[in-house]
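Please open the model in a viewer and display the whole chain before making any selection. The tour below moves from the overall chain to individual side chains.

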Amino acid sequence: MAVPKSKQSKSRTNKRFANYKATAATLAECPQCHELKEAHKVCKNCGYYKGVEVVAQKEEAQN
């Protein structure tokens, strides 16, 4: 079995995680309402995905 000869330092351990960077979500234009939405997800504005209404939008009550 492989056993380390000595303890690995904290700085050496933390170097593994130093290269991780969060990336921004990929945005695409909705073909129905032309708002920006996340790619491969239902549009939050109109409820359409690939030209089909997936989520029915609530009608706003007009006073």
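Begin with a surface over the whole protein chain: its accessible surface is about 6500 Å², and carbon and sulfur atoms account for 52% of this (Shrake-Rupley method, 1.4 Å probe; for residues, only the protein chains shown count as cover). The model is a predicted one, in which local features need pLDDT of at least 70 and side-chain atom pairs count only at pLDDT 80 or more, while totals for chains, interfaces and linings use all residues. Residues are numbered from 1 along each chain as its sequence is written, and side-chain values use heavy atoms, with hydrogens and water left out.

Next, switch to the C-alpha trace. Along the principal axes, the C-alpha atoms of the protein chain fill a box of roughly 75 × 30 × 20 Å. The radius of gyration of the protein chain is 24 Å, whereas a compact globule of 63 residues would have one near 11 Å (taken over C-alpha atoms; the globule rule is 2.2 Å times the number of residues to the power 0.38). Of the 63 residues, 8% count as buried (buried means under 20% relative accessible area, exposed over 50%, partly exposed in between, with a 1.4 Å probe and protein chains only).

Now colour by secondary structure.

Select Lys41, in the loop that runs between strand 2 (36-38) and strand 3 (48-49). A search of the whole structure finds one salt bridge. Both partners are partly exposed, Lys41 at 44% relative accessible area and Glu38 at 33%.

From Lys41, move to Cys30, eleven residues away along the chain, with 10.0 Å between the C-alpha atoms. Cys30 is buried, at 1% relative accessible area. How far is the sulfur of Cys30 from the closest cysteine sulfur? The distance is 3.7 Å, to Cys46, which is too far for a bond. Cys33 is likewise in no disulfide, and its nearest cysteine sulfur, in Cys43, is 3.6 Å away. Cys33 is partly exposed, at 23%. The structure as a whole holds zero disulfides (pairs of cysteine sulfur atoms within 2.5 Å).

Methods
Helix = DSSP H or I, 4+ residues; strand = E, 2+ residues; numbered from the N terminus. Salt bridge = Lys/Arg side-chain N within 4 Å of Asp/Glu carboxyl O.
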